[in-house]
Protein chains: 2
Amino acid sequence: MNGAQALLRTLAGSGVNVCFANPGTSEMHFVAALDTVPEVRGILCLFEGVATGAADGYGRMTGSPAAALLHLGPGLANGLANLHNARRASTPLVTVVGDHASYHKRFDAPLESDIEALAGTVSRWVRRPSRAADVGADAAAAIAAAKTPPGQVATLILPADASWSEGGQPAPPAAVRLPSPVAGETVGSAAVALRSGEPCVILLGGTALRRPGLEAASRLAVASGARLLCETFPARHERGAGIPAVDRLAYLAEFAATQLAGTRHLILAGARAPVSFFAYPGLPSSLVPAGCELHVLAEGTDDVPGALAALADLAAPDAKPAAQQPVSQAIPDAELTAETAALVVGALLPEGAIVCDEANTSGLWLPASTAGAPPHDWLTLTGGAIGQCLPLATGAAVACPGRSVFALEADGSAMYTISALWTHAREQLDITTVIFSNRSYAILGMELDRVGATRGGDAARSLLDLSRPGIDFTALATGMGVPASRAVTTAEFAAQLRHALAEHGPHLIEAAVPPPW
Amino acid sequence: MNGAQALLRTLAGSGVNVCFANPGTSEMHFVAALDTVPEVRGILCLFEGVATGAADGYGRMTGSPAAALLHLGPGLANGLANLHNARRASTPLVTVVGDHASYHKRFDAPLESDIEALAGTVSRWVRRPSRAADVGADAAAAIAAAKTPPGQVATLILPADASWSEGGQPAPPAAVRLPSPVAGETVGSAAVALRSGEPCVILLGGTALRRPGLEAASRLAVASGARLLCETFPARHERGAGIPAVDRLAYLAEFAATQLAGTRHLILAGARAPVSFFAYPGLPSSLVPAGCELHVLAEGTDDVPGALAALADLAAPDAKPAAQQPVSQAIPDAELTAETAALVVGALLPEGAIVCDEANTSGLWLPASTAGAPPHDWLTLTGGAIGQCLPLATGAAVACPGRSVFALEADGSAMYTISALWTHAREQLDITTVIFSNRSYAILGMELDRVGATRGGDAARSLLDLSRPGIDFTALATGMGVPASRAVTTAEFAAQLRHALAEHGPHLIEAAVPPPW
């Protein structure tokens, strides 16, 4: 058995059954080995950023890693932006980077580069087995590292000779560290804050945003009057009718400051102390109000839902969680805008939907319009590296074949990883992509003003303009095998969305909306 | 004047007049400043890999850097693969990476990452000015670093507060190091080898592949009987009728070994000692034959054409260069294949054309079919990171507005940076893109066999197959504003290519060709 086969058998033995791949010559033995280990499904992506983003979506939905197979340093580089998002999402993910044979590296062949330096920017764990015999054990260690709470990117650099040489040995699953229990004193200290009578906010993040954590947090809010907020860009947020609702902290620092104004105790449950996404001249970076005391109830490596449950049992023993009431959203009788499109999405979102949200400025109205929809999962742009949405939807759909996946995507962001549509078509994934096509980098139009730059003349404005030429996303989609349509009215958008949801396989709808300003 | 304005004025003052840009919030002051420094032309790209590849193409054709404006670590990451190619091409190039304000970094906001680590993998020079007053001088130093022979990637990390703060001062051009002259002893030693009567090969690379270097090398070949070869993937190779011809060292190690068999003296002029592109089980990495003596006449940092001229004056004082004869290629009357398509390209290539070649397996016949075409430049995939061609053509067309640019592109590679077509349309660049659409990663089908992997079963073959679904490149192109057509016969391909060359602006032709095996 060669190293590649040992690697694949180790992946399969540890439950890693999906590999999103964009291979090259140095990965050919890995590719050939796929036929000997049918438990691992290879899914071809036409760009590495699609493979890594898909592995992120898969890991967020299953809590278990997929593998992403990449080709040397440049292949890893192409996948880094979505690995950055995965790192910020604390997604369990195993990256396998094929490299030159070990003895070939000193010759500095054209594709040679510093893979460790690249991997280190996104991976908590990086290892390079030097011989086939070590590949299995190192793969098992990579999987365990990826699963280390709250989840992380682990990178296995696979030299071609370790891959092709005989002597490979599959390894059994390695032990995985469990989330740390939270000390009773920590829980007690948070309870004191909640009972203080002073304004409290519980800021939820990570695994707190699944139903058990949300229900415990809701009990605390009901009993103590504390307000609940969650991190601005959650990796996965369970929400909708029947689940306690929690508003996200605003993206814009001024609005977030308003949300947090007057708070005397900020209790962090799986969330970090809030900071401004960007710096702006004259505005503070930290969003913690002056005079507010921070209480770290549970960090990402901790048992966050357990800590919330313990706190609820202590401080809200008799309270019941407040479930979001269902809201039956009507299709609005008004022109198509980002706002009315959001209302249509809210009206038609099916139970169990998975929403990948990179709608940026066009997405401002989505949280409100979908709050009372049937229960669903909401996945956001955790690391701010745009080009995540279409790949993320790929992985979510592979992870959850029975569920409807929405990719709600801004036109500018869509163009970073547009080839994901081809994988949607090839795998016939149940993904409905909505492109909010406002033909501008609208968020930058706002930011140009907000950072204190002048509104700019023609040269500056031109760099935010996507209208010359306008991009025909229906042509791009059909060119890659995804049925597509363009909606200019709200009624068209609703009809096309109904059609997409009723028919198996991927669809794309280009919603022609005006910029919000 | 703020730091951004000082940066732009310094760029303009040092002759850096083009900035390929994909900006974000942290770059808004730079964008705003474009209106105050009209000497610098901002060109919007929809993905960072397009911006960096375009800057590579620009630098290869002008010998002077363009700037690429990128957004924090993830933006740089998206541009790294083409910066890797630029590094291997020794292209002068200035990367400007906007970063968070210096005081904001400690808050580890979502887009925070290790920019220096990423930049270090492709840049010989990396600097981060800490205040507006330093930005101008650091920009001048970056430009000088980029121009250091033979050319390199210099990265300036621009904190948002250094960009927006007042106190910026433009800096005059910094001194640039010149290529090193080559010592007379070194020239004399090469002359001894040439006069030895033993088989000699002169391996040309870098600046040796422009007309003066080629003419000196040709004189040496004529006088001494030495054979000329050039590196496998030259950054820029002047060739065609009237210019001395030189064959490229083959990509496949076995063929390269055949080309070099029996050589007793290998004289390196701007090229490195040849190595196999990849390692293969049982094959050596070095392509230098046993018993062959290496003579380094000139390295990339040296005055390579000057060394060749000195050697020619010493060892071939009376020889005249042998110019390539013009060849009038006929349009073949045969079905459309990669080979007949290459013959059509050879027949129609206009004088002064710039060919960006990433045709991979479909490009095997291009060097022969175009050898006797009117004089032109040939730009290749220097670093092996695919997705270079469409961006490279963008930059070459911006650099040389009067010339016809060809992007000869494989279908698999095209999908990495397909959004470059939008910039072709927006800037109305005279680029004719030919997609050799064989609907497979054909090169990997060959490599799967060559590395000694089994031919593979369905799972392996499926990962090399681009036919399910087939990609309609005419739809992708027209969706981004580039007129497009599909050629199924040789006559159609010739007619469509003639039309594209006759009409101003970008065009795309999808040539439906079978895989070569």
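A crossing of two packed helices is right-handed if the near helix is turned clockwise from the far one by less than a right angle, and left-handed if anticlockwise. The views below come from a predicted model.

**View 1. Helices H8 and H11 of chain A cross with a right-handed sense.** H8(A) spans residues 184-194 and H11(A) spans residues 304-315. Their axes come within 9 Å and cross at roughly 50°. H8(A) and H11(A) are therefore oblique to each other. From H8(A), the contact uses A:Val187, A:Gly188, A:Ala190, A:Ala191 and A:Leu194. From H11(A), it uses A:Ala307, A:Ala310, A:Leu311, A:Leu314 and A:Ala315.

**View 2. Helices H9 and H11 of chain A cross with a left-handed sense.** H9(A) covers residues 211-224. It packs on H11(A) at an angle of about 30°, with the axes 8 Å apart. That makes H9(A) roughly parallel to H11(A), as angles under 35 degrees count as such. H9(A) brings A:Gly213, A:Ala216, A:Ala217, A:Arg219, A:Leu220 and A:Ala223 to the contact. They meet A:Pro305, A:Leu308, A:Ala309, A:Leu311, A:Ala312, A:Asp313 and A:Ala315 of H11(A).

**View 3. Helix H1 of chain A is largely enclosed by the rest of the structure.**

**View 4. B:Ser163 sits in helix H7 of chain B.** This helix covers residues 160-164. B:Ser163 is buried, with a relative accessible area of 1%. Beyond four places away in sequence, it touches B:Asn2, B:Gly3, B:Ala4, B:His29, B:Phe30 and B:Leu158.

**View 5. B:Phe20 belongs to the largest nonpolar core.** That core has 212 residues. A:Phe20 and B:Phe20 are those with the most contacts inside it. Beyond four places away in sequence, the residues that B:Phe20 touches include B:Ile43, B:Cys45, B:Tyr58, B:Leu69 and B:Val398. B:Gly395 is also one of the residues touched.

View 6. A rotation of 180° with 0.0 Å of shift along its axis superposes chain B on chain A, with an RMSD of 0.0 Å. The two copies are thus related as by a two-fold rotation axis.

Technical notes. Residues are numbered from 1 along each chain as its sequence is written. Chains are lettered from A and ligands numbered from 1 in the order in which they are written. This is a predicted model: local features need pLDDT of at least 70, side-chain atom pairs count only at pLDDT 80 or more; totals for chains, interfaces and linings use all residues. Side-chain values use heavy atoms; hydrogens and water are left out. A nonpolar core is a set of buried Ala, Val, Leu, Ile, Met, Phe, Trp, Tyr and Cys residues joined through side-chain atoms within 4.5 Å. Buried means under 20% relative accessible area, exposed over 50%, partly exposed in between (1.4 Å probe, protein chains only). Contact means heavy atoms within 4.5 Å. Copies are superposed by least squares on the C-alpha atoms of residues with pLDDT of at least 70 in both. Helices (H or I, at least four residues) and strands (E, at least two) are DSSP runs, numbered from the N terminus. Axes are lines fitted to C-alpha atoms, for helices over the stretch in contact, and angles run from 0 to 180 degrees between N-to-C directions. Angles under 35 degrees count as roughly parallel, over 145 as roughly antiparallel, 65 to 115 as roughly perpendicular and the rest as oblique.
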